[in-house]
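Colleague: I am new to this structure and would be grateful for a guided account of its fold. May I put some questions to you once the model is displayed?

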Amino acid sequence: MTLVIELRRGVSTSRTGRKPGPRAVSGTLERMVVEGELWTALEALGRRRLPLLAGVDPYGDTTLRGEAVDRMVRELEGSDLARLRGAESDTVSTLLAWGRRCRVDRDLLIAFWGD
């Protein structure tokens, strides 16, 4: 069960008051492809403790932005990530880092694409 996870920049539709100049790049900024690492990490950490990630459809598409990203970061920060090893640790650490970036830059989002 392959899952593609991307950090993307959406197109901002709000007026930011920024001065004229080049627009920020939209589209995929970073991508990772995971086989079962996310699901193994969820089992190790407890699906009940990470309901947002546990709700990601492995065969569908899910996009997290705004409050959903804030919730994911809170859930991950409240988990014992030291219990993870190898690829599971890398996957969850990357998601947490991307979530923190999304908190700072509200034009960013995290997209999950299932097979």
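Colleague: How large is the relative accessible area of L109, and is the residue buried or exposed?

Modeller: This is a predicted model, in which local features need pLDDT of at least 70, side-chain atom pairs count only at pLDDT 80 or more, and totals for chains, interfaces and linings use all residues. Residues are numbered from 1 along each chain as its sequence is written, and side-chain values use heavy atoms, with hydrogens and water left out. Buried means under 20% relative accessible area, exposed over 50%, and partly exposed in between (1.4 Å probe, protein chains only). L109 is therefore buried, its relative accessible area being 8%.

Colleague: In which strand is L109 found, and which residues is L109 in contact with?

Modeller: Helices (H or I, at least four residues) and strands (E, at least two) are DSSP runs, numbered from the N terminus. On that basis L109 belongs to strand β4. Contact means heavy atoms within 4.5 Å. Leaving aside neighbours within four places in sequence, the contacts of L109 are E6, L7, R8, G10, T63, L64, R65 and C102.

Colleague: What distance separates the C-alpha atoms of L109 and L7?

Modeller: Along the chain, L109 and L7 are 102 residues apart.

Colleague: In what order do the elements of the protein chain run from the N terminus on?

Modeller: The secondary structure of the protein chain comprises four helices and four strands. From the N terminus on, the order of these elements is β-β-α-α-β-α-α-β.

Colleague: What share of the contacts in the protein chain with a separation of 6 or more comes from residues 24 or more positions apart?

Modeller: The protein chain has 115 residues, of which 37% count as buried. Among contacts with a separation of 6 or more, the share from residues 24 or more positions apart is 70%.

Colleague: Why do the buried residues of α4 lie on the same side of the helix?

Modeller: The buried residues of α4 are T91, V92, L95, L96, W98, G99 and C102. Because they cover an arc of only 165 degrees around the axis, they lie on the same side of α4; the arc is that of the directions from the helix axis to the C-beta atoms. On the other side of α4, the exposed residues are D90 and V104.

Colleague: What covers the buried residues of α4?

Modeller: Helix α4 itself spans residues 86-104. The cover of its buried residues includes β1 (3-9), β2 (27-34), α1 (37-45), α2 (51-54), α3 (67-77) and β4 (108-114).

Colleague: How are α1 and α4 oriented to each other?

Modeller: The two helices pack at an angle of about 90 degrees, with their axes 8 Å apart; axes are lines fitted to C-alpha atoms, for helices over the stretch in contact, and angles run from 0 to 180 degrees between N-to-C directions. Angles under 35 degrees count as roughly parallel, over 145 as roughly antiparallel, 65 to 115 as roughly perpendicular and the rest as oblique. α1 and α4 are therefore roughly perpendicular.

Colleague: Which residues of α1 and α4 make the contact?

Modeller: On the α1 side, the contact is made by E37, L38, T40 and A41. On the α4 side, the residues are A87, E88, T91, V92 and L95.

Colleague: Which residues does L38 touch?

Modeller: L38 lies in helix α1 and counts as buried at 0% relative accessibility. Not counting residues up to four places away in sequence, L38 touches L3, L53, T91, L95 and F112.

Notes
Expected span 1.5 Å × (residues − 1).
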